[in-house]
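Please look at the sequence together with the three-dimensional model, and follow a few residues and strands through it. The report below takes them one topic at a time.

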Amino acid sequence: MRVLVRADPQRSIALATETHVLIFRHSSSSTESRTGSSTSVAEHGAPKCIVEFLPWEKADMEDYRSLSSLKAFGTLGLVTLAGDVFLCVVNSASRVATVRPGEDVQRIGSVEFHCLNRSDYDHLLNDQINPFPTDGLDADGHDHGHKESLLEHPCMALKKLLSGGTFYYSADFDLTKRVQDRPAETSSVAIDSLDGGFLWNTYMIQPLVDFRSRLSDGERRALDASRILTSAIRGFALSVTIPAASSPARIAKTGQPSSMTLISRLSCRRAGTRFNSRGIDDDGNVANFVETETIFNTDYICFSYVQCRGSVPLFWEQASGLPGQQKVTITRSFEATQPAFDEHFMNLSKAYGDVHVVNLLSKEKPAETELTRQYDQHIRRYVQPANDGGSHERRDIRSINYDFHAETRGPHGYEAASGIKHNIQDSTSSFEYYLSEETQEQARVEPNGRRATLRGPQEVLKQNGIFRTNCLDCLDRTNLVQTIISQIALDTFLRQHEDRAPTSDFWARHGILWADCGDALSKIYAGTGALKSSFTRHGKMSLAGAVADLRKSAQRLYINNFEDKGRQNTIDMLLGRLMGQMPVHLYDPINDFVTAELERRQTEFTEPKSITVWVGTFNLNGKTNGLHDDLSSWLCPEVEEKLQLPEIVAVAFQEIVELNAQQIVQTDMYRRHQWDEAVRETLNKKTAQLGSEDYVLLRGGQLVGASLSVFVRVSALPFIKNVEGSIKKTGLSGMAGNKGAVAIRMDYADTSLCLVTAHLAAGFANYEERNQDYRTISTGLRFQRNRTIEDHKTIIWFGDFNYRIGLGNERVRQLIDAKDLGTLYENDQLNLQMVNGRTFPYYSEKTPTFMPTYKYNLNSDLYDTSEKGRIPAWCDRILTRGDNLRQLYYEASPLRFSDHRPVWGPFDCKVNVVNEVDKERISSELYAKRRIAVGKNTAIVRDGASDDESINGYDSLEPGLPPASSDKRKWWLDGGMPARSTVHAPSEARAPNPNRPANPFTPSSEPDWVKIDKPSAPPSRNASRQISAQSSSGTLNRPTAESRTFSPHSNSHPDPPTQPPRPVAALDGASSPPSQQTHLKATLRKPAPPQKPQKPNVLRSNSSTSTVSTSSTRATAPPPPAPRRGGITTAPTADADFPPPPRRVAGLGDRVLAPAPTPTKQKGGEHANGDGEMPPGLPPRRQTGLMDQDGADKIKGWDVLRPT
């Protein structure tokens, strides 16, 4: 990978591989100057960059030159400093670990920051700091052998931090996840699926992650395969080789060595230095939280064990200073701390399972004693919440206080710390570990009999708990105890899988790994290597080790008091937490358009396809004598020919082993392998008869007695991807795996499918507990990317749900003899609970047509005749969710070696298959069309091109259309005026539907127009009272603003008042008075306040003459002046004119202007005043169509006000 730059006509930087190129160009201009819109600017002033990802052959790279002589290994992202935008590129890395074959871990040795908008810094970094690890540099990051440059690079502190040898990345796998949480078959790293808690360059890489999400599937895969985008963790990673002579757990004597790897991932959620980052925050994140994974890999197995460490989860601080002055202060009360404490442990439980707290604080030091006391108090409150009244006790957490200093004070020294084994032995056994085995099987892949060997890892065990260890700093004492716990887990695994014990050389290499890990983590947090590392490394404490500890303590004192503040500021800068820091805004004018169009036109390249999914469930009651029975009546029933070879076969077992205490603690995986082989032989015997290809095991999983295995036809393998598995315990409130669920999910073509088998709580009356088990599994079982069961399009639950029939034993048996299955089903607990919405919401079940499947006498068709006399029930069920599923059969099979009967059901499943050829063709057409529309305004700039955003992907697509809008550009607000609408209602009685979404492209069932009634209103009380008073005195006043109403209709209710139409100034060519022009301009500058609903100002006029008013009526009319009493002797006629209301000028407070003069109308001398002139009157308003029968044709839309 190379870094290229082009200086003219505008600076561009490119990251180029052999096949593709990623080009960046800074965009400095604002679209406001071009469009006049205040909304067409970058979000909150964030810097803008154009980015483009192209195949090498489509990019014009003629004028580019190399910017750096060093090889590039990828980019960590973009950062803004001092108004400049910098691209961070890794230019030095070395391999330090290999987890499994093909999974390498690289340590970052050096980075460079290339400025996108200036060339001043191009060679500055090489003058100020060398490209190698910075151990020989002074505190400012300058090399003593080089003269300091006059211009300091803004990214110097960041470069020193990232080049310090504490950051790691992998281009082969997801380094932010443990082995258990990531599939082994993944060929590239999808950067959007990384764990943000351990991804240290999240702030810098997020704009590129967003850009990646807008690419097409093919471009996204190409970008991932190019390894341009790099994800970095901070912590430690190292592998050591175990010679074949010292390596246990091997099956082949090939002489190939094994490997042991240690990976520590430091969380970035509450990152900081020793005295600047302590305790917990309100989101439940703790300081110095580290996940450490021990991995042992041989020629056929992979072992993994995870622990974590973290600061005491309380709100506390510690002042820096001399020894004795470092006072610990608890800053928040018990009640205020508990929510954050609960959040922390709930997150741990969700991610790792059960938690065992190992607290190593001293019982003699007052500060540590107080922390321990409050820690224990919070744990008790977490286990037994105060508002539960003792009814719900959490059992997913245990704790132990182990005073490390007191226990190791005797003659045995630190060796005495191994005594902690006796206190944690139970948890080490129940937590288990992760184990996968390399398997291979021969399968017929073609009907002609050609066979192939399929290899792949199969999960045998999963770790379901974690030790959380802490001392005060979580460094020295913690590292030594975690070494002991790791040794216990490895020893447990090896004793179960190997006859001979590991050699001393094996344990020595294990100790070296942990000593190096402790030193690395201590340097990050405290500035020096770990204390007590001499014992961890060699197994004994020497005089030289004691002297080294004294030296490290003195160094920590200096670093913590004088350097940590600057280090903390640099960490915050890297994570984007400084005030005023903003991420870079990236946009691609071509791909953004193509992606949106492909989403809209997906029906053109997607076609539905029907596949058959067969599922079956069987509670074995711990029996093995059925392994050699004929299972074909269950697995290969007599059905239509098209259903005899389903694409997917999912087989679930419950009680595959006896549910005793030994099995709950240590699960026997061999039994599942036996049943898997029996199922596969039965399926492939059928395929041989039909002349089809074989079935192969896709994935299996087991939780004590519950197991799930998914078999697929070889021809279906190309359509299947993203296969994942997960388990969830529900026994003993989530502590035990005797009850729970096993789930496997996959994507078949473009459709997600989730298969779940569950064994729920037993007992006739425990249906509420079974409901709770469902809720626990549904919400608590998680796949990668925090995906839940409900996130899938197609879901099938099948297993022993243990719901019973709510009738007496004798009555149930009578109904069975009468074959009255309808009455039995009406009283079935699961049916009743689903109908009442208490369990399995939105799921459905085909009505059973078979007899209850539980409980039979062994090898008999008789129901239970023992003393217990169990009530027969449909314990074994199949439930589905998804509109693309159709169940064809729901039957039971007559296998009699268990007290249950197996249940099976085939499904017709509709999946969406994407035609990649058509999709690529449409994508290419859209790409070519968009490139022509955009022109040269992309990241590859030609001479004379502009980088204005308004023409980069936001041009008008067709003549006469406005430019496309964006989050920063809204064409309908350009010029500061609302847009003009020319929409006409389909009829007079129709109006726009107010219930439609504001976004016209949002799918909605609401119609565009709705029918409305004619608005009407009764006369107001003021008007009636005024008319009555005036009639009695012989004089009728002109109506006030309050008395003007709509024409009344009998028995009708008034509608809300309607805003009158905006007047258009001087349409008839007449000039307006100066005062009127002033009023119009003021209205344009600032609109008047909205109209009050209790004062309607839409008038009803019966005049047949329509005149355009030249006075503004935007503001609500105030009360009119006193009515004129002179010259009016009779009531007005129907077409009498009224004076206009006084005008209120916008922006002038409460200043009221006199009404504008109105032209005099001659009515044959009637109503003349004493001077022979008519009193000024109000011209009839222009009809709006809202109240007038003939006004609909006058609606021409609404227009922008324009001053004369």
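S264 lies in strand β11, which covers residues 258–266; helices (H or I, at least four residues) and strands (E, at least two) are DSSP runs, numbered from the N terminus. This is a predicted model, in which local features need pLDDT of at least 70 and side-chain atom pairs count only at pLDDT 80 or more, while totals for chains, interfaces and linings use all residues. Residues are numbered from 1 along each chain as its sequence is written, and side-chain values use heavy atoms, with hydrogens and water left out.

S264 is buried, with a relative accessible area of 0%, where buried means under 20% relative accessible area, exposed over 50%, and partly exposed in between, using a 1.4 Å probe and protein chains only. Leaving aside residues up to four places away in sequence, S264 touches a set of residues including I233, F236, V290, C517 and L521, and contact here means heavy atoms within 4.5 Å. T292 also touches S264, and the side chains of S264 and T292 make a polar contact at 2.9 Å. A polar contact is a pair of N or O atoms within 3.5 Å; within protein, one must be able to donate a hydrogen and the other to accept it, and residues adjacent in sequence count only if both atoms are side-chain atoms.

## Strand β29 and its two partners

Strand β29, residues 794–800, is mostly covered, since seven of its seven residues are buried. With strand β28 (residues 751–759), β29 pairs in the parallel sense over seven bridges, and two strands pair if DSSP finds at least two bridges between them. Within this pairing, W797 in β29 is the bridge partner of V756. With strand β30 (residues 876–881), β29 pairs in the antiparallel sense over six bridges, and there R881 in β30 is the bridge partner of I795.

Most residues other than glycine have a negative phi, and most peptide bonds are trans. N288, in the loop between β11 and β12 (290–297), has a positive phi of about 50° although it is not a glycine, and N288 is buried, with a relative accessible area of 5%. A749, in the loop between β27 (736–748) and β28, likewise is not a glycine and has a positive phi, of about 60°; A749 is buried at a relative accessible area of 15%.

The peptide bond from Y854 to K855 is cis, with omega near 0°, and K855 lies in the loop between α22 (829–835) and β30.
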